[in-house]
Every structure is written in structure tokens, then in C-alpha cells.
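Work through the exercises below with the sequence and the structure at hand. Each task is followed by a solution in steps.

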Amino acid sequence: MARTGRPRSFDTDDALDAAMRLFWAAGYEGASLTELTEAMGINRRSVYATYGNKETLFRKAVDRYLDGPGAFVAKALEQATARQVASAVLHGCADAYTTPGFPSGCLLVQSALACGPEGEPARRDLAARRETGIGVLRKRFERAQADGDLPLEADPDSLARYLTAIGQGISVQATGGAGREDLHRVADQALSTWPSA
């Protein structure tokens with residue numbers, strides 16, 4: 001009879017949530033493996049056995065973020081019009097990045113803005129994820145244009161990049177202490193220039 005490994009004595013989802021929060025608050029390089037194991041309530045061996053190295057753990061934490069606190073973006077894409085998509089994204093940023101009990105700002109923006117050599121793989125991964133997000137928005141706006149919801153002279157790629165840049169700015173301001181109401185006003189200002197069909 002084959003021997004089975006010892007059962008895990010910790011909740012893998014809870015531990016990953018703890019890692020996500022620490023990466024979100026401290027950034028990739030700011031979260032040491034010692035701090036991660038303390039926050040997760042497990043030892044290094046369990047981290048490596050369950051999640052892999054720090055870089056792999058970070059990627060899993062980012063996935064967790066996108067499925068949890070950052071899931072508002074995917075839901076926004078289901079809105080009926082391009083303007084409603086844009087509104088749901090920007091107002092979703094204002095809400096998500098100022099949620100009590102969570103770190104301020106966006107994990108994808110904050111975690112690897114300033115990285116040395118150790119954090120370069122994480123920085124590249126986040127940059128690729130942000131670019132993928134722009135591509136998803138662009139396709140949604142191309143569909144809106146084909147449906148007559150956006151004028152023909154509108155540039156779906158520019159709109160996607162504009163929306164992303166405003167969302168990233170909201171993240172930076174939230175991290176700097178800007179209040180939710182002020183950030184909703186930023187969203188409204190950005191939406192005031194949205195092209196109408």
C-alpha cells in the first residue's frame with residue numbers, strides 16, 4: 001500500500017488570502033518570505049510544498065485577487081453599453097481601492113511599480129496582465145463600435161488605454177489617502193468626455 005503524505009494542517013485558501021493581502025500592502029519585494037510565512041501561519045517548507053517559490057506564490061496571489069477584490073472589472077465587461085462598461089470599471093475602482101479592511105489601491109498597480117532585479121519577473125508578469133486587460137477592454141469597445149454603440153471615429157484601443165490609465169491613477173490616489181467620494185468624482189470627470197454614438 002502506498003504511503004500518503006501528511007494531511008495539510010492549514011486552510012490553503014485562507015493562507016493564500018493572507019499572502020495576497022501582504023503582497024497588496026507591501027509589494028512584491030516588500031513582502032519577505034519570513035513575513036509571508038508569518039502572515040500565512042505556515043512554515044517555509046509548507047509554502048514551497050503547497051505554492052512553490054515566492055514568485056509562484058505571488059502569481060497565485062494575483063490570480064486570487066483577480067477572482068476576488070479585483071473581479072469587478074470582469075463583471076463590468078458584461079454591461080450593456082460601452083459607457084456603462086467604462087462607468088462600472090472606474091466607479092468599481094473607486095469602491096474596490098478604498099474598501100475598509102483591505103489594503104488601499106490595486107494590487108496589480110502597487111505591487112511592482114518600483115522593483116529591483118529580484119522583483120523583475122513579478123514586474124513583467126503584472127505588466128503583461130495589465131496589457132491583457134487593455135486588450136480585453138479594446139475588444140469590448142470594438143464590439144460596441146460594431147453594434148453602433150460607439151461612433152466610428154472612436155479609437156477602441158485609445159479608449160481602453162485611457163480607461164486603464166484613469167483606473168491606475170485612482171489606485172495611486174487611493175494609496176495616497178484620497179477618499180472614496182473624491183475618487184468617484186474623478187471617475188465622473190473622466191466619463192464626462194466619453195464619446196457618444
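A salt bridge is a side-chain nitrogen of Lys or Arg within 4 Å of a carboxyl oxygen of Asp or Glu. The model is predicted, so local features need pLDDT of at least 70 and side-chain atom pairs count only at pLDDT 80 or more, while totals for chains, interfaces and linings use all residues. Residues are numbered from 1 along each chain as its sequence is written, and side-chain values use heavy atoms, with hydrogens and water left out.

**Exercise 1. Salt bridges within a helix**

Task: State which helix holds E120 and R124, and how many residues apart they are.

Solution.
Step 1. The side chains of E120 and R124 form a salt bridge, with N and O 3.8 Å apart.
Step 2. Both residues belong to helix α8 (residues 120–146) and are four residues apart, about one turn of the helix. Helices are DSSP runs of H or I with at least four residues, strands are runs of E with at least two, and both are numbered from the N terminus.
Step 3. E120 is partly exposed at a relative accessible area of 23%, and R124 is partly exposed at 47%. Here buried means under 20% relative accessible area, exposed means over 50%, and partly exposed lies in between (1.4 Å probe, protein chains only).
Step 4. R59 and E55 also meet in a salt bridge, at 3.1 Å from N to O. These two lie in helix α4 (residues 54–67), four residues apart.
Step 5. R59 has a relative accessible area of 33% and is partly exposed; E55, at 23%, is partly exposed.

**Exercise 2. A salt bridge between helices**

Task: Find which helices are linked by R138 and D157.

Solution.
Step 1. The closest N and O atoms of R138 and D157 are 3.0 Å apart, and the two residues form a salt bridge.
Step 2. R138 is in helix α8 and D157 is in helix α9, 19 residues apart, and the pair links distant parts of the chain.
Step 3. R138 is partly exposed, at 25% relative accessible area, and D157 is partly exposed at 23%.
Step 4. For the count, the structure holds 14 salt bridges. One network of salt bridges links E55, R59, D63, D125 and R129.

**Exercise 3. Two packed helices**

Task: Describe how α9 and α10 pack, giving the angle and the distance between their axes.

Solution.
Step 1. Two packed helices are described by the angle between their axes and the distance between the axes.
Step 2. Helix α9 (residues 156–175) and helix α10 (residues 180–191) pack at about 165 degrees, with axes 10 Å apart. Axes are lines fitted to C-alpha atoms, for helices over the stretch in contact, and angles run from 0 to 180 degrees between N-to-C directions.
Step 3. The two helices are therefore roughly antiparallel. Angles under 35 degrees count as roughly parallel, over 145 as roughly antiparallel, 65 to 115 as roughly perpendicular and the rest as oblique.
Step 4. The contact is made by Y162, I166, I170, Q173 and A174 of α9, and by L183, V186 and A190 of α10. Contact means heavy atoms within 4.5 Å.

**Exercise 4. The whole chain**

Task: State how many helices and strands the protein chain has.

Solution.
Step 1. The protein chain has ten helices and zero strands.
Step 2. Along the principal axes, its C-alpha trace spans about 65 × 45 × 30 Å.
Step 3. Of the 197 residues in the protein chain, 43% are buried.
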